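Please look over the structure below. The report that follows takes up selected residues, helix packing and a sheet.

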Amino acid sequence: PDLAQHLQITYDDLKLHNDSLIMLSISPYGLTGPYSTYKGHEINSAALSGVTLQLGLPDRPPLNPPLFLGHSQVGLVGAMSAMIALTARDMTGVGQHIDVSEADCWATYHNGIGLSQWLFSSRVTMRQGRHGRGGPYPNTILPCKDGEIRMQLFSAREWQRLLDVMGNPEWGNDPRFQDRLEMNRLYSDEVDAHISDWFKDYTKAELFDKFYEYKVPFTPVNTVTDFFHHPQMTARNFFVDVTHPEAGTTRQPGPPYKLSETPISIRRPAPLLGEHNDYIYGEILGMSGAEVATLRDRAII
């Protein structure tokens, strides 16, 4: 913020030249409040929002969220808020400044249940490891012969179907295991052991066939290799081949959406360094060939 102010590129400065300008600012903590001038990374904003406390095993320290989820989420929120601002400008002709905080996004989109439980009942939500918070058992991830299986069975009918698949084992009649809310709260590890002992003899593909037949809600926990070769992704042409003049032909993820009237596709590879300089500086900015050549000679571009 201080540098932007020094260079006079704040929204108030730029708006003097274009009052229909829409400007999006993304920061760890937002542009207002005592943390507005602090620097930070995803680990900081996630911890501030209370999300970190909920990740990991209950008897071990909390974990940082994986895969830069906060950066991805705040980017999506920024894109959505920009579209809202564009819609508003179409109606009013007036631009606006959008202030997006990564910590706010964590709190809203990832810690929503934790916040609502505290607001309505002053209950602090703690990490549950592989088990889901609240609700009936099972809401868990369990190992099988070649990987892991994710299950979430809400109804008693779905639970009975799982027992049917396993041949209605004797432990299913245990009086402690008749209330599935209590099972999730008190006996989840014990029941996990029973189910895992049966799962260990079957692969993910074999369990898929069994559970599909019995209508048991579940999903295999796929590796990246599983996902790459998955028939669903193949049928949707999710991966596409792109030819690059230096890297050759590579397979890349395509767009995660399909538009019925305006189909989207990857038409060209990533540009080479400086590939479009003549177009940008010459055609768009109106610089002469000599001026562009001078920039190159001075190693500016």
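In which loop does Leu67 lie? Leu67 sits in the loop between α3 (42–49) and α4. Keep in mind that this is a predicted model.

The backbone at Leu67 deserves a look. Its phi is positive, about 60°, although Leu67 is not a glycine. The relative accessible area of Leu67 is 70%, so this residue is exposed.

Ala299 also calls for a check. Ala299 is not a glycine, yet it has a positive phi of about 60°. Ala299 is found in the segment after α13 (289–297). With a relative accessible area of 64%, Ala299 is exposed.

## Helix α4 and its partner α5

Helix α4 covers residues 69–92, and helix α5 covers residues 102–110. The two helices pack at an angle of about 95°. Their axes are 9 Å apart. Angles of 65 to 115 degrees count as roughly perpendicular, so α4 and α5 are roughly perpendicular to each other.

Which residues make the contact? On the α4 side they are Leu69, Gly70, His71, Gln73, Val74, Val77 and Met80. On the α5 side they are Glu102, Cys105, Trp106, Tyr109 and His110. By class, the contact of α4 with α5 has 7 nonpolar, 4 polar and 1 charged residues.

## Ser81 in α4

Helix α4 also holds Ser81. Is Ser81 buried or exposed? Its relative accessibility is 16%, so Ser81 counts as buried; the cut-off for buried is under 20%.

Leaving aside residues up to four places away in sequence, Ser81 touches Leu24, Ile98 and Val100.

## Helices α7 and α8

Helix α7 (residues 156–165) packs with helix α8 (residues 180–199) at an angle of about 20°. Here the axes are 13 Å apart. Angles under 35 degrees count as roughly parallel, so α7 is roughly parallel to α8. The crossing of α7 past α8 is left-handed.

From α7, the contact uses Ala156, Trp159, Leu162 and Val165. From α8, it uses Arg180, Met183, Val191, Ile195 and Trp198. The residues of the contact of α7 with α8 comprise 8 nonpolar, no polar and 1 charged.

How many strands form the open sheet? There are 3 strands, in the order β3-β4-β5, and the pairing is antiparallel. The edge strands are β3 (139–144) and β5 (218–220), and each pairs on one side only. On average, neighbouring strands of this sheet are turned by 20° against each other, direction ignored.

Strand β4 covers residues 147–152. β3 and β4 pair in the antiparallel sense over 6 bridges. Asn139 stands opposite Gln152 in β4. Helix α8 packs on the sheet and touches β3 and β4. The direction of α8 makes about 35° with that of β3.

## A cis peptide bond at Pro138

Where is Pro138 placed? Pro138 is in the loop between α6 (112–121) and β3. The peptide bond from Tyr137 to Pro138 is cis, with omega near 0°.

Notes
Residues are numbered from 1 along each chain as its sequence is written. This is a predicted model: local features need pLDDT of at least 70, side-chain atom pairs count only at pLDDT 80 or more; totals for chains, interfaces and linings use all residues. Side-chain values use heavy atoms; hydrogens and water are left out. Axes are lines fitted to C-alpha atoms, for helices over the stretch in contact, and angles run from 0 to 180 degrees between N-to-C directions. Helices (H or I, at least four residues) and strands (E, at least two) are DSSP runs, numbered from the N terminus. Angles under 35 degrees count as roughly parallel, over 145 as roughly antiparallel, 65 to 115 as roughly perpendicular and the rest as oblique. Contact means heavy atoms within 4.5 Å. Ala, Val, Leu, Ile, Met, Phe, Trp, Tyr, Cys and Pro count as nonpolar, Asp, Glu, Lys and Arg as charged, and the others, Gly among them, as polar. A crossing is left-handed if the near helix is turned anticlockwise from the far one by less than a right angle, and right-handed if clockwise. Two strands pair if DSSP finds at least two bridges between them. Buried means under 20% relative accessible area, exposed over 50%, partly exposed in between (1.4 Å probe, protein chains only).
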